[in-house]
Amino acid sequence: MQLMLTPTSPYARIVRIALMLKGLDDECVMHWVDPPSDTPELIQANPMSRVPVLVLDDGTSLTETQLIVHYLERRKPDPSLLPANRLYLELALAGKAMGLIDAAFWLAFNKRFGGSSAEQGNELAIRRSSAITRTLEELKMNPPHALNGQVGLGQLCLEVALEYIEFRLPEFEPYSSPELARWSKSIKTLEPFHLTEFY
Ligand SMILES: N[C@@H](CCC(=O)N[C@@H](CS)C(=O)NCC(=O)O)C(=O)O
């Protein structure tokens, strides 16, 4: 397998950590690309020119983070990112985390490529910012379930979301609540997180 990725993509980082947690990373070559350059190799694998793309050994290109995770769960069910006894907790948390990532990535990309409308601020940016603030507030009031054994999909996605916000949009102060900071500390020091930090 081959994973197309960038070092700053929260989406690709989720897949990379999932590969490590499942012990599949040895079977996967990292292929670093730059989506804004629209390179032919990336466009051939994904006409959307986005990462992550997981290219299977038969040449099939899988795109969309959660669909790739779905494939990895089928390919190697153990250890599961979606254990049956906390399936709903993990799915619900993963949904919030992916919402945070989508909104944060949109804001960061808009700052970079949005031209004057990004500088002046626009309604969509305000809407995305409010969504991040609201979701973080909710998580600060009700920190997610503690790490107890294997990391689940929701926990994985949320930690990546918080680190991405801290990396690109620190003004949102994702770790300002002691409870959420404590929750995160137990996860971010695990090797797959530590080895894939944003830079
Ligand atoms: N919905 C996709 C989003 C992937 C995505 O937006 N990836 C970003 C990197 S963080 C990208 O490659 N963006 C390039 C672009 O949008 O042109 C997923 O879940 O994988």
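Biologist: How many Å separate the centres of domain 1 and domain 2?
Modeller: In this predicted model, the two centres, taken over C-alpha atoms, are 21 Å apart.

Biologist: And which residues belong to each domain?
Modeller: The domain assignment puts 2–75 in domain 1 and 84–190 in domain 2.

Biologist: How many residues does each domain bring to the contact?
Modeller: Domain 1 brings 8 residues and domain 2 brings 9. On the domain 1 side, the largest share comes from α1, with 7 residues.

Biologist: What classes of residue are on that side of domain 1?
Modeller: There are 7 nonpolar residues and 1 charged residue, with no polar ones.

Biologist: OK, switching to the core. Which residues of the largest nonpolar core touch the most other members?
Modeller: That core has 49 residues, and the ones touching the most other members are M4, V15, A18, A97, L156, C157 and A161. Both domain 1 and domain 2 give residues to this core, so it lies between them.

Biologist: Pick A97, then. What is A97 in contact with, beyond its neighbours within four places in sequence?
Modeller: A97 contacts G154, C157, L158 and A161.

Biologist: Back to α1. How do the axes of α1 and α3 cross?
Modeller: Helix α1 (residues 10–21) and helix α3 (residues 65–75) have axes that come within 9 Å and cross at roughly 10°. That makes α1 roughly parallel to α3.

Biologist: Nice! Which residues meet there?
Modeller: From α1 you have Y11, I14, V15, A18 and L19, and they meet T65, I68, V69 and L72 of α3. By class, this contact has 8 nonpolar residues, 1 polar and no charged.

Key
Residues numbered from 1 in each chain as written. Predicted model: local features only at pLDDT ≥ 70, side-chain atom pairs only at ≥ 80, totals over all residues. Core = buried A, V, L, I, M, F, W, Y, C linked by C-beta atoms within 7 Å. Buried ≥ 20, exposed ≤ 12 C-beta atoms within 10 Å, placed from the backbone. Domains from an automatic or database assignment. Contact = placed C-beta atoms within 7 Å. Axes fitted to C-alpha atoms, helices over the stretch in contact; angles between N-to-C directions. Helix = DSSP H or I, 4+ residues; strand = E, 2+ residues; numbered from the N terminus. Parallel < 35°, antiparallel > 145°, perpendicular 65-115°, else oblique. Nonpolar A, V, L, I, M, F, W, Y, C, P; charged D, E, K, R; others polar.
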